[in-house]
Amino acid sequence: MKKTTALALILAMCLTLTGCGGGTGGSNGEKREVNVCSWGEYIDENLIYQFEEETGIKVNYSTAESNEALYSLLSMGGADYDVVVPSDYMISQLIEEGLLAELNYENIPNFSQIDDRFKNLSYDPENKYTVPYTWGTLGIIYNSTMVNGPITSWSAMFDPAYSNNVLMIRNSRDALGIALIYLGYSVNTTDEAEIREAFQLLSDAKNNGVYQGFFMDETFLKMEGGNAAICSYYAGDFLTMLDNNPDLAYVVPKEGANWFVDAMCVLKNAQHKEEAEAWINFLASNEASMANMDYIGYASPNTKVLEEYPAYYEETYGEPLDQGRYEIMAAPKEVLDTCEAYLVLPAETRALYNDLWTELGI
Amino acid sequence: MKRKLSLFAIPYVIWMAIFVVAPVILVVLYAFSSKHGFTLDNFARMGTYAVVFGRSFKLALIATVVCLAIGYPVSCMMSREGPRFQRIAMVLIMLPMWMNFLLRTYSWMAILENNGLLNQLFQKIGLIDLWNQLFGTNLTFFPMMNTQGAVVLGMVYNYLPFMILPIYSVIIKLDPSLLEAARDLGADSVNVFRRVILPLSLPGVLSGVTMVFVPSVSTFAISTMLGGGTRILLGDLIEQQFTGGAYNPYLGAAIALVMMVIVVLCMWVMNHFGEGEEQAVML
């Protein structure tokens, strides 16, 4: 008995040890590998195995909580990632600070499959650094059994009527962005008075007890379990939650919202650039992009995949894809026209965001 | 002989130098600098965070007192039982520590939520209806999640073993003949406890208090997960400076340094209460 316990313990320890060791790849040529850092629940994991089998390149996959957390990891210099998948505004910041490598698009032929409207966007105007991964909107998710009538406005996020029933998103850019949109300002404003007004709105709502708390990944559990009525979160994640709680609904409020593109980039000090480009090319392919769109619920930037997804859905699930569901994933043009993308903010505005964000938690 | 023994301490000295002394020096260096060199600005901003300091020390103190109130009687009782019982009890106390604390805290979320396991149980057995009738309220659940109470619960749950173990290991080693002697000399059981067991177990209590209070003050994640993150603690504040929206390792180091100084002061004062007794094992 004692021996088996000891054996189990040793086994468990070995597992944790190898688990920890996985992230730190050596640079010797024999073992091909690529270190990827992405977001939680943001890939169909079968794709990782498929890629490893096809190419023999080992994928060390890890996740960060938010763009800001990823940025800290990169600027502390402790991480040795090859591929990261930041959002638009963070990409501009990384380019600005010279942290990204220019891609060799000859190694990424599948880039040609990306729809033209997702190329040469403001974060990478000449498209030298990025290959879009997904895109979507940040809207309101609500539990239709816990609110009075459908929600149509961001005002719900600040409304004392929903006291202790709202989850605010836990990252400064999105939280302040929501308040700015509700106030009718640009999400990219650098006017300190406007940003402070947005902060005041959040702070008052917090002091009025509107928020249960500030959450990121915990939001899934809370909304699925009916523990909160309203939250602001990403469209793709809404579909995951909807599978576990059919009472949930998603809306892009009438004031508009943020729309974002997350794109794959290679870091300048990447030790496995070739492998990184192979990985990016693999994920940009029609098959991988389709599987991903279906699994994670975020829209693909690939023209063909966007067109063919309804047919793929019908074939896979034996029922036609609901148009509403499709439009939540891939927002139609008239919705996107009301939305604004984040641009990189100047350093002093970022510092203001940081100070206000810390103050909000005190 | 003495010199020979000190040779064996070399690995530990090296370990301390690399993993304790060097990091502390780094923290101090960072705390007194900014991107542009030496500065005291980081400390000038400390006043803004006084509320967070106050909240963290208050919650840590409550958690420590609760741990002591639960842990001391348990240790006493355990030490009086047979060896078989003691072994089983020890395993049960250690068992939760074999699982990752984030997972355990996630489970508490599922238990304490408005729609969680506990509230569903209370609903089923009619406790909530009873409460509503008694107090004229109109609750559909007991709000337990996202409160400071939940944060204290998380701390107590996570750190209780660190209170029980040192107290238990001191009490179990008490010489039974001392207790016999006290009784022979006419002390009743209250007096045996008050004048013999309690003073002799103080070193265990002191190290238990240290081992619960220190990690409680600097705890993070528990307060965002169970407390909602709208009223952050010191650990979260420091973490935010490193990994959150605000990347400012200099300020983070300064906050950590102030916290360390306060904690060391607290421990120093506390150890003076126990003066004359054996000194508590610090750190």
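The structure is a predicted model, with an ipTM of 0.83 and a pTM of 0.85. Chain A is divided into two domains, domain 1 and domain 2, and 24 residues of chain A are in contact with 20 residues of chain B.

**Domains of chain A**

- Domain 1 of chain A comprises residues 30-135 + 261-330, while domain 2 of chain A comprises residues 136-259 + 336-361.
- A distance of 25 Å separates the C-alpha centres of domain 1 and domain 2 of chain A.
- Contact between the two domains of chain A involves 19 residues of domain 1 and 18 residues of domain 2.
- On the side of domain 1 of chain A that touches domain 2, at least two residues each come from helix H4 (88-96), strand S4 (130-143) and helix H12 (323-329) of chain A.
- H4(A) gives the most to this side of domain 1, namely 5 residues.
- By residue class, the side of domain 1 of chain A that touches domain 2 holds 7 nonpolar, 7 polar and 5 charged residues.

**Contact between chains A and B**

- The two chains meet through 20 residues of chain B and 24 residues of chain A.
- Helix H4 (50-80) and helix H13 (234-243) of chain B each supply at least two residues of the side that touches chain A.
- H13(B) gives the most to that side of chain B, with 3 residues.
- The side of chain B that touches chain A is made up of 9 nonpolar residues, 10 polar residues and 1 charged residue.

**Architecture of chain B**

- Chain B contains 14 helices and 2 strands.
- Along the principal axes, the C-alpha atoms of chain B fill a box of roughly 70 × 70 × 30 Å.
- Chain B has 283 residues, of which 31% count as buried.
- Among contacts in chain B with a separation of 6 or more, 72% are between residues 24 or more positions apart.

**Confidence in chain B**

- Chain B has a mean pLDDT of 89, and 94% of its residues reach 70 or more.
- Within chain B, confidence is highest in H4(B), at 95, and lowest in helix H1 (residues 2-8), at a mean of 73.
- H4(B) is also one of the helices that supply at least two residues of the side of chain B that touches chain A.
- The pLDDT is below 50 over residues 276-283 of chain B, a stretch that has 14 contacts in the model beyond near neighbours in sequence.

Definitions and conventions: Residues are numbered from 1 along each chain as its sequence is written. Chains are lettered from A and ligands numbered from 1 in the order in which they are written. This is a predicted model: local features need pLDDT of at least 70, side-chain atom pairs count only at pLDDT 80 or more; totals for chains, interfaces and linings use all residues. Domain bounds come from an automatic or database domain assignment. Two residues are in contact if their C-beta atoms, placed from the backbone, lie within 7 Å. Helices (H or I, at least four residues) and strands (E, at least two) are DSSP runs, numbered from the N terminus. Ala, Val, Leu, Ile, Met, Phe, Trp, Tyr, Cys and Pro count as nonpolar, Asp, Glu, Lys and Arg as charged, and the others, Gly among them, as polar. pLDDT is the predictor's confidence in each residue, from 0 to 100. A residue is buried if 20 or more other C-beta atoms lie within 10 Å of its own, exposed if 12 or fewer, and partly exposed in between; C-beta atoms are placed from the backbone.
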